[in-house]
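The sequence and structure are shown here.

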Amino acid sequence: MKKLEVGILGATGMVGQRFVSLLEHHPWFEVAWLAASERSAGKNYAEACNWRLREPMPKAARELSVHECKPVHAPLLVFSSLDSKVAGEVEKEFAQAGHVVVSNSSNHRMEADVPLLIPEVNPDHLALVRLQRKQRGWKGMIVTNPNCTTVGLVMSLAPLEKAYGLEKVLMTSMQAVSGAGYPGVPTLDILGNVIPFISGEEEKVERETRKLLGKLADGHVHPGEFAVSAHCNRVPVEDGHTESISVALKAKATLEELVEAWRGYRSLPQERQLPSAPKHPIVVREERDRPQPKFDVGVEHGMATVVGRLRPCPVLQFKYTALSHNTIRGAAGAALLNAELMKSEGYLD
Ligand SMILES: NC(=O)c1ccc[n+]([C@@H]2O[C@H](COP(=O)([O-])OP(=O)(O)OC[C@H]3O[C@@H](n4cnc5c(N)ncnc54)[C@H](OP(=O)(O)O)[C@@H]3O)[C@@H](O)[C@H]2O)c1
């Protein structure tokens with residue numbers, strides 16, 4: 001099969017680098033076009049990018065020119081990991097010019113006609129793009145993935161919601177520094193410290209969770225009818241957001257049944273064997289002190305949500321810990337899986 005050429009907006013950033021790395025041996029897509037700010041435009045990628053990943057920069061990317069973020073000679077499919085200060089307008093410009101924009105940025109996630117997708121959880125919400133194109137008169141489209149903190153929470157809640165219904169959710173995050181981009185949080189602020197504030201994060205988690213677990217009917221998403229409260233903290237961890245979660249369910253369940261619901265969870269990406277889909281979207285650890293980012297962040301190539309420490313909660317009903325890789329499942333890997341779902345549905349033909 002001839003690979004589809006793809007572009008990356010914001011290719012020089014933390015998430016952009018993940019895209020370049022994850023796409024190196026992708027069976028369906030190959031990187032052909034890169035763009036970033038005017039500081040980087042005109043240079044080749046090796047010059048423009050301060051590569052921060054352990055894996056070496058792919059040879060094929062080194063010599064590619066970095067362009068300005070203008071829809072000139074860009075391929076049909078463009079991934080976006082642009083700074084949210086500019087993502088809103090740039091992504092619209094590309095969609096208007098006929099491009100399929102698969103974005104990580106928060107700017108368009110909550111717009112009523114923009115799909116906010118986790119392919120395992122709500123693949124049917126992709127159908128919103130038909131309405132989006134009609135309403136906006138676009139040839140292209142914008143599809144988004146959730147915030148890096150939302151994704152682990154929602155992956156772990158989805159099988160519980162499906163089997164028992166959700167009533168209340170309380171989540172406290174311990175978020176890695178790579179979630180703040182590069183250079184991110186100053187060393188003197190984060191070393192030996194916890195910062196109990198990440199601007200806009202709690203609101204994003206609360207809104208996005210209800211949209212993702214909502215039902216698409218009559219052309220719009222009816223948000224999930226449960227309460228969500230998020231506390232978000234930045235901690236001195238390199239990669240991987242850890243979350244302490246308490247839930248109250250609508251129907252009765254036992255601890256064993258919840259573990260079974262997580263272990264048995266499979267969905268469309270697994271059925272279709274999409275290239276980036278984890279075989280086990282949720283991995284359950286039995287040890288009393290797991291998951292931990294140091295040991296578990298790379299499970300299923302960073303695409304699974306790792307859960308553990310399930311026990312009764314005296315305030316709600318159950319409590320547990322979840323872990324998700326923030327720049328893979330929480331960003332570039334999530335967008336890649338969205339694009340694979342779209343290709344398997346014929347949106348990229
Ligand atoms: N890091 C995560 O874990 C994570 C997870 C989920 C979502 N996100 C979202 O993904 C996006 C990127 O995050 P990041 O962590 O990769 O940030 P980052 O490391 O700061 O990278 C930002 C990228 O945007 C480009 N850019 C900045 N200003 C620009 C401008 N005026 N015009 C065009 N391009 C511009 C930068 O290009 P230059 O290098 O040329 O400046 C760089 O490529 C953000 O919207 C973020 O909220 C991040």
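Ser178 counts as buried because its relative accessibility is 9%, where buried means under 20% relative accessible area, exposed means over 50%, and partly exposed lies in between (1.4 Å probe, protein chains only). The residue is found in the loop between S7 and helix H7 (187-190), helices being DSSP runs of H or I with at least four residues and strands DSSP runs of E with at least two, numbered from the N terminus. The side chains of Ser178 and Asp239 are joined by a polar contact of 2.7 Å; such a contact is a pair of N or O atoms within 3.5 Å, of which, within protein, one must be able to donate a hydrogen and the other to accept it, while residues adjacent in sequence count only if both atoms are side-chain atoms. Not counting residues up to four places away in sequence, Ser178 touches Met14, Glu238, Asp239, Asn326 and Thr327, contact meaning heavy atoms within 4.5 Å.

This is a predicted model, in which local features need pLDDT of at least 70 and side-chain atom pairs count only at pLDDT 80 or more, whereas totals for chains, interfaces and linings use all residues. Residues are numbered from 1 along each chain as its sequence is written, and side-chain values use heavy atoms, with hydrogens and water left out.

Six strands form an open sheet with parallel pairing, in the order S3-S2-S1-S4-S5-S6, two strands being paired if DSSP finds at least two bridges between them. Its edge strands, each pairing on one side only, are strand S3 (66-67) and strand S6 (141-144). H1 packs on this sheet, touching S1, S2 and S4, and its direction makes about 165° with that of S1; angles run from 0 to 180 degrees between N-to-C directions, and axes are lines fitted to C-alpha atoms, for helices over the stretch in contact.

Helix H1 (residues 14-22) is mostly covered, with eight of its nine residues buried. These buried residues are Met14, Val15, Gly16, Gln17, Arg18, Phe19, Val20 and Ser21, and what covers them includes S1, strand S2 (29-35), helix H2 (45-48), helix H3 (59-62), S4 and helix H12 (328-344).

Strand S4 (residues 77-80) and S5 pair in the parallel sense over four bridges, and Phe79 has Val102 as its bridge partner in S5. S5 and S6 likewise pair in the parallel sense over four bridges, with Thr144 in S6 as the bridge partner of Ser103. In S5, Val100 and Val102 point one way and Val101 and Ser103 the other way, and all are buried. In a regular strand the side chains alternate between the two faces of the sheet.

Glu5 has its place in strand S1 (residues 4-9) and is partly exposed, because its relative accessible area is 43%. Although Glu5 and Phe29 are 24 residues apart in sequence, they are 5.9 Å apart in space, C-alpha to C-alpha. Leaving aside neighbours within four places in sequence, Glu5 is in contact with Glu30, Ala32, Pro75 and Leu77.

## His125

His125 lies in the loop between strand S5 (100-103) and helix H5 (128-136), and it counts as buried because its relative accessibility is 1%. Its side chain reaches the backbone oxygen of Gly214 at 3.2 Å. Residues that His125 touches, not counting those up to four places away in sequence, include Lys211, Leu212, Gly214 and Lys215.

## The mixed sheet and its helices

A further open sheet of six strands has mixed pairing and the order S10-S7-S11-S14-S13-S12. Strand S10 (227-234) and strand S12 (282-284) are its edge strands, each pairing on one side only, and the twist averages 25° from one strand to the next. Strand S7 (residues 166-175) and strand S11 (residues 241-249) run antiparallel and are joined by eight bridges, with Leu170 standing opposite Ser246 in S11.

H8 lies across S7 and S10, running at about 145° to S10. Helix H9 (residues 255-263) lies across S11, S12, strand S13 (305-312) and strand S14 (318-324), and runs at about 170° to S13. The axes of helix H6 (residues 148-164) and helix H8 (residues 201-212) come within 9 Å and cross at roughly 40°.
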